[in-house]
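Please view the sequence and structure below before reading on.

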Amino acid sequence: MGPIWARVTVIGAAVVVLAALIALYVGNLVTEPPTVSATPAAAHEVQLKLKTEPAVGPQGANAPWVSYLVQNPEGKWIHSTIYQVPANSLVHVTVYQFDSDSGLRNPFLSQVQGTVGNTMTVDGKTMQAIPPEEASHTFAAPQMGLIVPLRGVPEEAENPCEEGPCSLKQAHETITFTIRTGKPGRYRWQCFVPCAAGFLAGFGGPMQTIGYMDGFLEVV
Amino acid sequence: MNEPNHMRRIAIIWFALSVILTPIVVAVIAPTLPPGDATSAADNQLSDDTLLLGIVTPIAVAMIVYFAYTMIVFRRRGEPTEEGPATRDNRAVHIPWLVGTTAIVLFLATFGTVELADAGAGGGEGPEPAFKMTGDVLPVQVIAQQWEFTYRYPTYGGVETAHLELPVDKNVEFHVTSLDVIHSFWAPRLGVKADANPGVDNVAFVKPWQEMSFDIRCSELCGLWHGYMFDTGQVVSESAFEEWIHEQQRTFAPATKFLPKYSTQYFPEPERRAG
């Protein structure tokens, strides 16, 4: 093989590798986590169980990233933030919150909005708002008028979960609330707390990635 | 055969088309263009756009007529002819072109500066605006954050809400700021567009003239949900606004007690997780 063909082969191989890397990058950008359906509870009522972990660990591609997880109807925890719920129904949401507080930039978001009764329960106690500095995350869908601040696990708590999978035997807060869904649609939801450790202003990485602290509520 | 006076022909065609098209553009097309005339700022923008369209229409017609005429009259017929001599230093063309374009640019710069100082044009004017509305003014703070706008009404106990409502026929003074990255508050139908920068108080004025709904969007690429950072605002009657704002005060009393004292800018803490 002459020098020209050797050069062509090297350049061709480099082009193929570059194209594969671009395809991988683009594929990663457009790939969404799996859609997980809420568990039927009664007529026009479903149950959605979520948990937040300070680091998702081996369950996710980015082990150190903070993340939401969801329980599927079979009771298995899935690393996803795309949830399917029925339209014009009641969705009973339970969040097991394992992360410590980071604090809200905007204290306005420390008030529960858009749930049935505009309240939530935190470890069994009904609340309308929490002190903004105690917020660890929010479950908020602005286009649905929904904002639920999630109180962080106290720093002095015993047996905290540092990395997922977190167990209910470890320190956590249990937050419950109910939302009434309206017409079908795909509504984005997000965390408003700058909780992305190590990223600029706490809003990079998991805060900018669907599958961690952002996702969709698919109302069908 | 004598060569006809092409420039004279072009001038006649240009003049005839301009006399027909300019009034159509100014009187028929321009009034239908966004942002409409529902507010003082939007109306100012529409008036400016109408004047500029009135100026630019004959200019555009002149260029189109010139190119169309030359392409038709001087097109190649039959076999290619020999290339003509190069034309250089045609002062009869250069001087009027330079004088004309300089005059237009200077006029536009002067006109834009005067309009901006005289009416604000609905744009963010920074913390010390050159144009200010006087008299009874309703201050409304627009707070941008990733990824939602919220609004504070300092004259109503500093209540903050997730939606924007304004009373009709009242001067409104927007104070636009951000809690994190650069956003931009854009309400096209209000004729208001102001950058939301962290730690900056960007002031813009508007007076809504009719009750209506209007779209609000972020017009600065600000992250994952930038495309979802939108809302619908309302301009309502004075009485409906008073009823609404008092309801907001009652509804958001639990959050209001946690809000910092009203300020034209905020430097929120904590950022414990920030890198």
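Buried area is the accessible area (1.4 Å probe) that two parts lose on being put together, summed over both.

## Basis of the model

The model is predicted: local features require pLDDT of at least 70, side-chain atom pairs count only at pLDDT 80 or more, and totals for chains, interfaces and linings use all residues. Residues are numbered from 1 along each chain as its sequence is written, chains are lettered from A in the order in which they are written, and side-chain values use heavy atoms, without hydrogens and water.

## Interface of chains A and B

Chain A and chain B bury about 2,900 Å² between them, with 57% from carbon and sulfur atoms. On the chain A side, R105(A), F108(A) and R188(A) lose the most area to chain B, together 23% of what that side buries. Contact (heavy atoms within 4.5 Å) joins 44 residues of chain A to 32 residues of chain B.

No salt bridges are counted between the two chains; such a bridge is a side-chain nitrogen of Lys or Arg within 4 Å of a carboxyl oxygen of Asp or Glu.

## Domains of chain B

An automatic or database assignment divides chain B into domain 1 (6-75 + 92-119) and domain 2 (137-273). Their C-alpha centres lie 37 Å apart, and the contact takes nine residues from domain 1 of chain B and eleven from domain 2 of chain B.

These domains bury about 720 Å² between them, 57% of it on carbon and sulfur atoms. Within domain 1 of chain B, A38(B), T39(B) and S40(B) lose the most area to domain 2 of chain B, together 59% of what that side buries. The count of salt bridges between the two domains is zero.
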